[in-house]
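Please read this note with the model open beside it.

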Amino acid sequence: MKKVDHIGIAVKNIYEALPYYIETLGLQLLGMEEVESQKVKVAFIDAGNCKLELLEPIGEDGAISKFLEKRGEGIHHIAFGVTDIRTRMEELKEHGVQLLDSQPRPGAGGAEVAFLHPKSSFGVLYELCDKGGN
Ligand code: CMX
């Protein structure tokens, strides 16, 4: 793992949270999109050396909806930017890390992503995020 690409932050409502990040903290909104496969609406914010990803659930049965119900708003995951995600996944598996995905899934911004179970990562949900060479 060479760099953190973004930090995922679960919020109940993106539009209620955005003024804090943009107006109060003075950060820049990079873009917003819906990731149907993950049942989330996301907003990416430029935080200098990495991005913040605000995550609002779509519907009531996705991972973010469940997280908000159990833990409330706050840091949800840390995403490492990787290249060659399938090889990285194989390497981690060989080291005994429990992956939540057997194959990469589509993530925001056209990236391929895969998650590592917090149980085998000392309580942190990590994401591998492959944008094809960035
Ligand atoms: N960070 C750290 N620990 C977490 C966690 C998180 N984000 N989410 C759940 N956990 C812990 C719980 O606290 C719980 O621990 P205990 O057993 O000690 O209580 C355990 O993991 C199981 O939690 P759960 O609430 O029963 O939830 P599930 O097992 O149903 O799901 C997880 C948890 C991580 C497997 C699931 O959220 C998942 O598959 N996540 C990957 C996909 C994802 O998060 N998508 C949304 C983001 C999409 C995007 O970035 O685009």
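Predicted model: local features only at pLDDT ≥ 70, side-chain atom pairs only at ≥ 80, totals over all residues.

1. Residues are numbered from 1 along each chain as its sequence is written, and side-chain values use heavy atoms, without hydrogens and water.

2. An open sheet of mixed pairing is formed by eight strands, in the order β2-β3-β4-β1-β5-β8-β7-β6. At its edges are β2 (28-35) and β6 (105-106), each pairing on one side only. Strands (E, at least two residues) and helices (H or I, at least four) are DSSP runs numbered from the N terminus; two strands pair if DSSP finds at least two bridges between them.

3. Strands β1 (residues 3-10) and β4 (residues 51-57) run parallel and are joined by five bridges. H6 has K51 in β4 as its bridge partner.

4. Helix α1 (residues 14-24) lies across β1, β2, β3 (40-46) and β4, at about 5° to β3. Helix α3 (residues 85-94) packs on the sheet and touches β5 (74-82), β7 (112-116) and β8 (126-130), with its direction at about 15° to that of β7. Contact means heavy atoms within 4.5 Å; axes are lines fitted to C-alpha atoms, for helices over the stretch in contact, and angles run from 0 to 180 degrees between N-to-C directions.

5. K39, in the loop between β2 and β3, is not glycine but has a positive phi, near 55°. K39 is partly exposed, at 33% relative accessible area (buried is under 20%, exposed over 50%, partly exposed in between; 1.4 Å probe, protein chains only).

6. F122 sits in the loop between β7 and β8. Its phi is also positive, near 50°, in a residue other than glycine. F122 is exposed, with a relative accessible area of 84%.
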